[in-house]
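Good morning, and thank you for making time for this presentation.

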Amino acid sequence: MITDKKILLRIDNGYVLKTPRANNIICGFSTREFNYDFRAGSSIRDHQEISRNREKFFESLSLKPRNSVFLEQVHEAQVKKITKAEQGMGAYDFKNSIAGTDAAITALKDTPLCSLSADCLPLVFWHPREDIIGIAHAGWRGLKAGIAFKTAQKISRIYKCPPRKIRVFICPGIRSCCYEVSSDFKQYFPNCVFRSKNRFYLDLLKIAFTQLSEAGISGENIIDSALCTKCNSSAFFSFRGGDQKKRMLSFVALKQLRPRRCEAEN
Ligand SMILES: [Zn+2]
């Protein structure tokens with residue numbers, strides 16, 4: 001697993017991954033400055049501001065905000081293939097996000113797949129040659145239901161690509177340094193709960209990594225942002241850090257590469 005902060009490039013209100021090793025893939029996440037969950041935007045003014053901020057965020061990356069896809073995120077493990085019919089769902093109204101779904105995969109260009117989180121681990125998937133991307137919202141419940149494994153498996157099955165070619169980027173989420181849980185969690189994740197000074201901590205990263213490996217993804221193709229949302233709550237929203245309603249946005253998109261203009265045309 002690669003963990004190196006130099007892999008990130010600062011953009012307005014967020015970061016993108018510098019080296020997806022494919023020039024048509026773009027993925028990244030927002031920082032605290034701008035993104036509020038639609039669910040928190042109760043007034044029309046809030047809603048308008050959120051929509052405008054999101055538009056600016058995607059437009060600054062040459063992506064179409066109106067095509068972005070949001071998921072209801074119910075802490076389960078349903079993975080949805082996104083077709084033209086679902087393009088733009090949840091983009092401007094969270095109530096219209098894809099119901100009962102925590103992960104999405106697609107081969108559609110210029111269709112940012114999005115995940116909202118405040119401590120849960122967003123996992124971004126792509127294949128560097130084939131035009132395929134995916135995203136998963138992986139909290140402990142989703143991971144218990146196998147979401148990391150199921151997303152990798154579905155990409156591989158639907159798009160017929162060998163899992164060892166799939167790349168994964170792990171966005172900021174709560175890390176074992178801060179994720180204190182009750183000892184009951186040992187029954188769900190016997191190898192991923194550790195004890196320190198009579199307290200128990202859950203390692204979501206290890207659970208995700210184990211599932212991705214079991215799905216056939218090579219460790220060297222998993223890139224970790226190595227950022228804990230609670231340790232860095234001045235930069236990211238963290239539920240455990242006190243952000244009950246606000247969420248950060250993680251995304252992945254296939255860029256529509258425009259053909260270069262021929263010299264003779266100029
Ligand atoms: Zn931490």
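I begin with strand β15, residues 248–254, which pairs with β4 in the antiparallel sense over 5 bridges. Within that pairing, Cys27 stands opposite Val252 of β15. Please keep in mind throughout that this is a predicted model. β15 also pairs with β7, again in the antiparallel sense and over 5 bridges. There, Leu116 is the residue that stands opposite Leu249 in β15.

Let me consider these two partners of β15 in turn. How many of the residues of β4 are buried? The count is 6 of 6, so β4 is mostly covered. On one side of the strand lie Ile25, Cys27 and Phe29, on the other Ile26, Gly28 and Ser30, and all of these are buried, which leaves both faces of β4 covered.

Is Gly14 buried or exposed? Gly14 counts as buried, because it has 24 C-beta neighbours inside 10 Å, where 20 or more are required. If we leave aside neighbours within four places in sequence, the contacts of Gly14 are Gly28, Phe29, Ser30, Thr31 and Phe57. The C-alpha atom of Gly14 is also separated by 12 Å from that of Lys56, a residue 42 places apart from Gly14 along the chain.

That brings me to helix α1, residues 44–59. This helix has 16 residues and reaches 22 Å from its first C-alpha to its last, close to the 22 Å expected at 1.5 Å a residue. Which residues of α1 are buried? They are Arg54, Phe57 and Phe58. These cover an arc of only 90 degrees around the axis, and therefore lie on the same side of α1. The buried residues of α1 pack against β3 and β4. On the face turned away from that buried side, α1 carries the exposed residues Ile44, Arg45, Gln48, Arg52 and Glu59.

The buried residues of α3 are Ile147, Ala148, Phe149, Thr151, Ala152, Lys154, Ile155 and Ser156. What covers them? The elements include the strands β5, β6, β8 and β9, together with the helices α2 and α5. α3 is followed by Lys160, whose phi is positive, near 55 degrees.

I turn now to a separate topic, an open sheet of 3 strands in the order β11-β13-β12, with antiparallel pairing. β11 and β12 stand at the edges, each with a single partner strand, so one side of each is left without a neighbour in the sheet. β11 pairs with β13, residues 199–202, over 2 bridges, and Val181 stands opposite Phe200 in β13.

Next, the nonpolar core. In soluble globular proteins, nonpolar side chains tend to be buried together. In this model, the largest nonpolar core has 71 residues, and those with the most contacts inside it are Leu123, Val124, Ala138, Ala148, Val168, Leu204 and Ala208.

Let me close with the chain as a whole. The protein chain contains 5 helices and 15 strands. Its radius of gyration is 18 Å, close to the 18 Å that the globule rule gives for 266 residues, so the chain is as compact as a globular protein of that length. Along the principal axes, its C-alpha atoms fill a box of roughly 70 × 45 × 35 Å. Buried residues make up 44% of the 266 residues. Finally, of the contacts with a separation of 6 or more, 66% are between residues 24 or more positions apart.

Key: Residues numbered from 1 in each chain as written. Predicted model: local features only at pLDDT ≥ 70, side-chain atom pairs only at ≥ 80, totals over all residues. Core = buried A, V, L, I, M, F, W, Y, C linked by C-beta atoms within 7 Å. Buried ≥ 20, exposed ≤ 12 C-beta atoms within 10 Å, placed from the backbone. Helix = DSSP H or I, 4+ residues; strand = E, 2+ residues; numbered from the N terminus. Expected span 1.5 Å × (residues − 1). Arc of directions from axis to C-beta. Contact = placed C-beta atoms within 7 Å. Pairing = 2+ DSSP bridges. Rg over C-alpha atoms; globule rule 2.2 N^0.38 Å.
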